[in-house]
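Biologist: I would like to learn how to read a model like this one. Can we take it feature by feature?

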Amino acid sequence: MENGLISVDRWTAGSQVYFLTHLHSDHTQGLTSGWARGPLFCSRLTAKLFPTRFPDFDLTLLRVLDIGVWNSVPLVSPSSGSRTVARVMAIDAHHCPGAVMFLFRGDFGCLLYTGDFRWETTGERAKMARAMLVNALNGRTVDNLHLDNTYCNPSYDFPPREVAAQEIVNLIASHPKHDVVIGIDSLGKEDLLLHIALSLGIKIWVWPERLQTMHILGFHDTFTTKTSLTRVRAVPRYSFSIETLEALNATRPTIGIMPSGLPWVVRPVKGDANLSGSHLTARYKKRQLSGSSTGVEKLHQYMYSVLYSDHSCFSEIQEFMELVQPTIVKGIVCSSACYVEPLYFFGRLCGVFSVDSHVQTKRRSERAADVEINKSAAESGVEAVRKKMRSRAYYAAGGVKVSRTSVLRRLSRGAKIMDNDSAD
DNA sequence: GCGATCAGCT
DNA sequence: CACAGCTGATCGC
């Protein structure tokens, strides 16, 4: 199969143009400061943040795409030499600063690559992104969808980030004498920290590199690297464990907060005979939907987990699927905890079932794609899917290639298996 | 010695 | 089992 002319979040040779959805490292694997394979399209904010990740990168290779505007990308077919033009629009993915999805139109039809995204139904930004996508689609549907399927399972249900953020504010306010540490990554969760700072009228400590990032993002007063100025500190998540929290409590009363779409549990450290040590492990746990239930869970004497996610929950993915009505869909996350081929749940919304995927066989580094824009290849891809769809075994499996054990595992976790499992 | 890749861990 | 990301070992240059 001919290499795609366009790569999204993929940095191997063979494409004429490259697109980056956002700067999280699992989307930049293979991208280095010395990279020079061709023009790299990204959002304005991602371009601004670029030097923080790739200090010596040749910035003249960057092509900024403004949000919500169609751009033309001229391409030359490597086989025939004929010229063609693809059009592309960047749309706010509401995932982390600079994150966008890319909507492509061309000979190959209409292709949407979501990157990582959060499709909330409330809030101004979410409504704007929705309106922008609806406007760009202009009544048409998406032929080919590459979907952030991180939480593509009905088991995953969490509130909008505004709600989760307020719960975190309440939690901090109910511990007025405590220091607070919050685990974050190198990009993302800024809105949460701003909400905390604004609501409580305080500054928030961050580590020096993170302060630089905050300044690039335009937050000049809220964050500080002076510990004496605040009791709330945002720390790198990897440096943050029950043990560090216990050590901190030897000096000052301190609580820890883990914002995440995955609930956490506390586990003893392997090989620790004394069982004194412990660490955090993400694990799916069925939550009670009682009225008193919130996204806040006390994991430990000092540690709280809060369901705050920069990825869409299941119902949001469902909303999104109903809007774009893709003909073909492929998950970009191939090894999440509960990987399910997206059409396992959404098959009835789509014209064709999913192209074959690598269920639970690929690592997360595979979250990227050559976008196949060769027309005949795209058509033969559709034909291949249709052919596969005609096979009895495929229908019998409900359109999903998963092992029996994996189905049982999902059942044992309480996931709802929809009743079109064997029918239709 | 340096970058790329991977194992291991959180 | 891990949202995303760190550290350290190893390998080829």
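Modeller: Helices (H or I, at least four residues) and strands (E, at least two) are DSSP runs, numbered from the N terminus. A loop is named by the elements on either side, so S80 lies in the loop between β5 and β6. Keep in mind that this is a predicted model.

Biologist: How many helices and strands does chain A have?

Modeller: Chain A has 11 helices and 20 strands. Of its 424 residues, 51% count as buried. Now take the contacts in chain A with a separation of 6 or more. Residues 24 or more positions apart account for 65% of them.

Biologist: Back to S80. Is S80 buried or exposed?

Modeller: The cut-off for exposed is over 50% relative accessible area. S80 has 53% relative accessibility, so it counts as exposed.

Biologist: How far apart are S80 and A129 in sequence and in space?

Modeller: They are 49 residues apart in sequence. From C-alpha to C-alpha, the separation in space is 37 Å. S72 is in strand β5, residues 71–76.

Biologist: Which residues is S72 in contact with, leaving aside its neighbours within four places in sequence?

Modeller: V85, A86 and R87. S72 still counts as exposed, at 53% relative accessibility.

Biologist: Now helix pairs. What describes two packed helices?

Modeller: The angle between their axes and the distance between the axes. Take α3 (residues 161–173) and α4 (residues 190–200). Their axes come within 9 Å and cross at roughly 45°. Angles under 35 degrees would count as roughly parallel. This pair is therefore oblique. The crossing of α3 past α4 is right-handed.

Biologist: Which residues make that contact?

Modeller: On α3, they are A165, Q166, I168, V169, I172 and A173. On α4, they are L192, H195, I196, S199 and L200. By class, the contact of α3 with α4 has eight nonpolar, three polar and no charged residues.

Biologist: And α2 with α7: at what angle do the axes cross, and within what distance do they come?

Modeller: The axes of α2 and α7 cross at roughly 25° and come within 11 Å. That makes α2 roughly parallel to α7. Their crossing is right-handed. R130, L133, V134 and L137 in α2 meet E319, F320, L323 and V324 in α7. Sorted by class, the contact of α2 with α7 has six nonpolar, no polar and two charged residues.

Biologist: Which residues of α7 are buried?

Modeller: In α7 (residues 314–324), the buried residues are F314, E316, I317, F320, M321, L323 and V324. Q325 follows α7, with a positive phi near 40°.

Biologist: Let us look at the sides of a helix. Which residues of α5 are buried?

Modeller: Buried means under 20% relative accessible area. In α5 (residues 208–216), R210, L211, T213 and M214 are buried. They cover an arc of only 160° around the axis, which puts them on the same side of α5. The face turned away from that buried side carries the exposed residues E209 and Q212.

Biologist: What do the buried residues of α5 pack against?

Modeller: They pack against α1 (44–53), β10 (179–184), α4 and β12 (223–224). Just after α5, G218 takes a positive phi of about 95°.

Biologist: Where do H94 and N138 sit?

Modeller: H94 is in the loop between β6 (83–92) and β7 (100–106). N138 is found in the loop between α2 (124–137) and β9 (144–147).

Biologist: Is each of them buried or exposed?

Modeller: H94 has a relative accessible area of 12%, so it is buried. N138 has 55% relative accessibility, so it counts as exposed.

Conventions
Residues are numbered from 1 along each chain as its sequence is written. Chains are lettered from A and ligands numbered from 1 in the order in which they are written. This is a predicted model: local features need pLDDT of at least 70, side-chain atom pairs count only at pLDDT 80 or more; totals for chains, interfaces and linings use all residues. Side-chain values use heavy atoms; hydrogens and water are left out. Axes are lines fitted to C-alpha atoms, for helices over the stretch in contact, and angles run from 0 to 180 degrees between N-to-C directions. Angles under 35 degrees count as roughly parallel, over 145 as roughly antiparallel, 65 to 115 as roughly perpendicular and the rest as oblique. A crossing is left-handed if the near helix is turned anticlockwise from the far one by less than a right angle, and right-handed if clockwise. Contact means heavy atoms within 4.5 Å. Ala, Val, Leu, Ile, Met, Phe, Trp, Tyr, Cys and Pro count as nonpolar, Asp, Glu, Lys and Arg as charged, and the others, Gly among them, as polar. Buried means under 20% relative accessible area, exposed over 50%, partly exposed in between (1.4 Å probe, protein chains only). The arc is that of the directions from the helix axis to the C-beta atoms.
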